[in-house]
Amino acid sequence: MPDRPDATDGGGASTIRGRRGRDRRIGERIAAEFAERGRSGAAGAVTTPAPEIDFDIAAVEGEVEDARRPVAPRRPAAARRSSTRGGGERRPGGHRVPDLSALPPLLASTGTFGALRERLGTPGDIGRVGRHVGLVSVPHGAKSYLAATLAAAEPVAWIARDSEIADRVVDELGAWLGDPALVVSLEPRTALAYERSELVADETAARVAALSSWRSGRARILVASVQALIQHTLAPDDLPATPRELRVGARVHQDALLRDLLDLGYSPVTEVAGRGEFARRGGIVDIFPPSMDLPIRVESFGDEIESLRAFDPTDQRTVARIERAVLLPASEFLLPTTGVAAIRERLGRSAARLGERLTADLARFEGTTEDPLRPEQGSRALAVGDAAEVWAPILAPATGLDHIADATLLVLDEPGDIAEA
C-alpha cells in the first residue's frame, strides 16, 4: 500500500514524524543502558545472583503437576495437611491454595501491630468479655492478613455478613496460614427459620464437624456468617471431648457399634450415600462420619476390627486403607440427655396449645425410641423429617455463639453490615 501522507500541525511540522523520532531515541537509550549494565556485570561480578522466580510460571507448573498426579482420597478436614510442592493445599478441581505463611510473622514484628495487640489485651485478662476488632473499609486481602497474624497468638472467630463472604475469607486465611486445615467454616443450613424442609444430612453433619474441630483446638480460626451463628445447633456438652474412635485391631462388638451410631444420630440405610448414614451387611458396617470426605467400610473378624477402608459411594470401590476414624455426632438434632419428656418440659404450657401439625410432630418425637430399627431403648437419634427448623429452638436450644468462649477474639468484618444482617 502507498505510504499515507504525514499529518501536519498548524506550523507545517509533521507530528507523526516527531513522535516516531522520539520513540526511536528512547528505545536506543534504553538498549544502550542495558548493554552497559551487561558489560559492567560481566566484568566486575563476583557472585552469580540467584535466579528470580516467576510466580505466575511456577503456579502454572504446579497446576500441571497436580493435574498429572493421581487424585488421592481427601482426608478429614481437621487432619488434612499440605502435600504439594511449596506447601500449597490442593483443592478439588486442581485448585491450589498458595502458602503465604512466611508473611504474617513480618507484620507481627512491627511496632504498629504490637501496639494493636496491647490494646486488644490477652485471653487471660480479667473482666474482658467480647474482645473484638472491627475491620472497616479495608481490602479483604488486608483484613485476612491481619486476622491470620492475630491467630498466631490465639484462636480467632471471624464473623461475616453472609456465607458468600465467609467462603472467600476461608480461602484467603488458609493461604496466609499455609494450612487450610487450620481454618474451619461454619456453614448455615439452607432452610430458613420456621420453614418446613427436609433436613439435609450433609449440611448438619458438616456443621457438627466444624464445631468439633474448633472446640478441640485443631483449628485456629472459625469463620461464620451471621446466619450460621444464630441458627440453632447441638449443645457444647453434646460434642464429646474425646470422640468415639475406631482403629484397626481394636475390639468392638458390632451390636455395640450400631447402638453407638444410633445414639450419635446416624441414620440406617440400605446403601451409604451421604454423611450421617450407616449400613450393615453381615460382618461389614459402612459408615459416613461427618469429619470425613469419604465413607468408611468396617470389616470385623469376630469382635476385632480387621480393616478400615475409605470407599467411593458412587461405585462402592475401595479408595484407600486407613488406620483410624473418628465418629462425631451425625446431626445437630438429638434427643435431650434426660429423655423424651424433656421436650414437653421445654415447651411448658404451650404444649397444650399446639396446632394439629405440631401435635403430630411431638407425637412422632415421643415415639422415636420405639423405632424397631433401634437395637434398644434409650437411643438419642431423632428423625426430625421436615420439622427441623420449626422445632430447632426446642430440640437444639444452643447456637453457634455458645461454642465460642467469652475470651475469644472476634474479628468483625464490616460491623455495620453485620448489624444490618
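Which helix lies across E9, E10 and strand E11? Helix H9 (residues 254-263) does, and it runs at about 20° to E11 (284-287). Axes are lines fitted to C-alpha atoms, for helices over the stretch in contact, and angles run from 0 to 180 degrees between N-to-C directions. Helices (H or I, at least four residues) and strands (E, at least two) are DSSP runs, numbered from the N terminus.

The model is predicted: local features need pLDDT of at least 70, side-chain atom pairs count only at pLDDT 80 or more, and totals for chains, interfaces and linings use all residues. Residues are numbered from 1 along each chain as its sequence is written, and side-chain values use heavy atoms, with hydrogens and water left out.

The mean pLDDT (the predictor's confidence in each residue, from 0 to 100) of the chain is 79. A value of 70 or more is reached by 74% of the residues. Residues 1-19 have pLDDT below 50; beyond near neighbours in sequence, this stretch has nine contacts in the model. Contact means heavy atoms within 4.5 Å. Residues 45-51 stay under 50, with one contact beyond four places in sequence. Where pLDDT is low, the predicted coordinates should not be read in detail.

Six strands form an open sheet with mixed pairing, in the order E9-E10-E11-E12-E13-E14. Strands E9 (267-268) and E14 (318-322) stand at the edges with a single partner strand each, so one side of each is left without a neighbour in the sheet. Pairing requires that DSSP finds at least two bridges between two strands. E9 pairs with E10 (residues 277-281) in the parallel sense over two bridges. Ser 267 has Glu 277 in E10 as its bridge partner.

The largest nonpolar core holds 24 residues. Such a core is a set of buried Ala, Val, Leu, Ile, Met, Phe, Trp, Tyr and Cys residues joined through side-chain atoms within 4.5 Å. Buried means under 20% relative accessible area, with a 1.4 Å probe and protein chains only. Leu 150, Trp 158, Leu 173, Ile 221 and Val 223 touch the most other members. Elements giving two or more residues include helix H4 (111-120), helix H5 (140-151) and strand E17 (409-413). H6 gives the most, with seven residues. A second, separate core of 22 residues includes Leu 222, Ala 224, Val 326 and Ile 418.

Helix H12 (residues 388-395) is mostly covered, with seven of its eight residues buried. Among them are Glu 389, Trp 391 and Leu 395. The cover includes strand E7 (232-233), helix H10 (341-347) and helix H11 (356-366).

Note on methods. Buried < 20%, exposed > 50% of the residue type's maximum accessible area, 1.4 Å probe, protein only.
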